[in-house]
Amino acid sequence: MFEFIKDIAPNLFFILFLVFFHQYWSEKREWSRPIKQISVFLFGALSIILCMGFTIPTNNGMTFDLRYIPFIIGGLYGGPFVTIGLYILMFVLCLAIGGTVGFIITTTIATLIAILILSIHKQYQTWVASEKLSFTTTLGTYSALTVAVMTVLISPEAGMDQKNWIAYMAAYLVGTWISTKVIEDIRQYELLQRKLVRSEKLEAVSHLASSISHEVRNPLTTSRGFMQLLSEQEVPDHCKEYIKISIEEIDRAAEIIQDYLTFAKPSPEKVEILQTKDELKRAMDVMQPLANMNNVKVQSVLMEGSIKAERSRLQQCIVNLMKNAIEAMPNGGLLSVYSDVVNDKTVVIRIRDTGIGMDANQLSRLGEPYFSTKEIKGTGLGMMVVYRIIESMNGFIEVESEVGKGTCFTITLPLKKEVKEKVSLQSGVV
Ligand code: ADP
Ligand code: MG
């Protein structure tokens, strides 16, 4: 048995080293999904090739290795394409190596594992680490057990003695357990790291907001007033243009400061009952010039629905979303605004664009302070404020986005019922 363990150790070493190296190396990188899949496939393929290259020979000509561990781990973490890719690789390698019994056993077990992974990999992503660990270790050990049973049934004389079979299964159990644990722990570590950075940034923003925003806003308002006065005087045309640009820039600075201020005081103050239809129309009017400039058509389907909110913040939130939507369509497109009451309980507002969209990484960073892909024009404050405002109104936001196709923001807010009844009563009387 010690001989067997000594033989199987390199297999285990390759797998664990590659799993660790890959996870550590890839987790820090902000890759798109296809690149991630390719990298999982390459590392999985390398592990399988090394396992099959360093097999453990038995006295009777059969060889054994830990090839199913990278297959299981790669398939579950990489998804269907990786599963199919690794499956084909194993099939080809088996054909190349030859041997009927080995071929039958490998294809049967690989097929069963592949079917299981394909049917379960989506749920797998939603499980907590302990559930994943139980699943991979059970699957790994069962795969080894099936190899043992099949070998004994098909070719009893080719097998190994009982102790070696136990060591073989134990290697699968340990291999799958450590691989999963390494992946999950590194993921958890990276997640915590990101959360820490995010919360530090949030703290810095909030500190900055409360300390300087007011002081900066007052001189800006004064300057804007004088610029306005100046533009009403007799001045040459080119000076008028300069003044116009200056006012626009001051307005932009004021907007940024407004975002900071909202962040510093997230709890609503002048709360009133608002009609989403009216508020959305108002925001659309504000955004119309920007839409025209970008060749964006604005369309809307708006139903009545009342919510409890502070007008200026709701406006800021919708305007920020619409602005992002328009900015995502530099070559024109369609901005659709929709609102309705759902289940007599919530008001749903949907802002959809046909713009550049976002990838998974951008989506996951949405709302993070200073996260912007807009080089000089962006501040990365808009979405942070949007999330903060909606949160303070006891609502939530869902985002769907596809690169090159567009983005849809769905805001769900609690419906203010009593008022809705009053309104319908009034209209009934009329
Ligand atoms: P900013 O607009 O100043 O860049 P935001 O917080 O408003 O900051 O948005 C952060 C980032 O989120 C943007 O830079 C952009 O990459 C992305 N984003 C937000 N909304 C959309 C959208 N509708 N379509 C595509 N990308 C978007
Ligand atoms: Mg923005």
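The lining of the second largest pocket divides into 13 nonpolar, 16 polar and 11 charged residues; here Ala, Val, Leu, Ile, Met, Phe, Trp, Tyr, Cys and Pro count as nonpolar, Asp, Glu, Lys and Arg as charged, and the others, Gly among them, as polar. This is a predicted model, in which local features need pLDDT of at least 70 and side-chain atom pairs count only at pLDDT 80 or more, while totals for chains, interfaces and linings use all residues. Residues are numbered from 1 along each chain as its sequence is written, and side-chain values use heavy atoms, with hydrogens and water left out.

The pocket has a volume of about 1,000 Å³, the space filled by probe spheres set on grid points joined across faces, edges and corners. A pocket is an open set of points on a 1 Å grid over the protein atoms alone, where a 1.4 Å probe fits, with protein on both sides within 12 Å along at least five of seven lines; lining residues have an atom within 4 Å of a point. Of the 40 lining residues, Gln23, Glu27, Lys36, Tyr77 and Arg187 lie nearest the centre. Elements giving two or more residues to the lining include helix H1 (2-27), helix H3 (68-78) and helix H7 (162-231). Helix H2 gives the largest share, eight residues. Helices (H or I, at least four residues) and strands (E, at least two) are DSSP runs, numbered from the N terminus.

Domain 1 (2-193) and domain 3 (272-420) both contribute lining residues, so the second largest pocket lies between them. These bounds come from an automatic or database domain assignment, which also gives domain 2 (196-264). The C-alpha centres of domain 1 and domain 2 are 58 Å apart.

The structure holds 18 aromatic pairs. Rings of Phe, Tyr and Trp (its six-membered ring) pair if their centres lie within 6.5 Å; planes under 30 degrees apart count as stacked, over 60 as edge-to-face and the rest as tilted. The ring centres of Tyr124 and Phe135 are 6.1 Å apart and their planes meet at 55°, so this pair is tilted. Tyr124 and Phe135 are both buried (under 20% relative accessible area, 1.4 Å probe, protein chains only). Ring pairs also link Phe13, Phe14, Phe17, Phe21, Trp25, Phe43 and Phe54 into a cluster.

Strand S4 (residues 296-302) pairs with strand S6 (residues 333-342) in the parallel sense over seven bridges; strands pair if DSSP finds at least two bridges between them. Gln299 has Ser336 in S6 as its bridge partner. S6 is joined to strand S7 (residues 346-353) by eight bridges, and the two run antiparallel. S6 and S7 form a hairpin with three residues between them, where Asn343 in the turn has a positive phi of about 55°.

How values were computed
Chains are lettered from A and ligands numbered from 1 in the order in which they are written. Buried means under 20% relative accessible area, exposed over 50%, partly exposed in between (1.4 Å probe, protein chains only).
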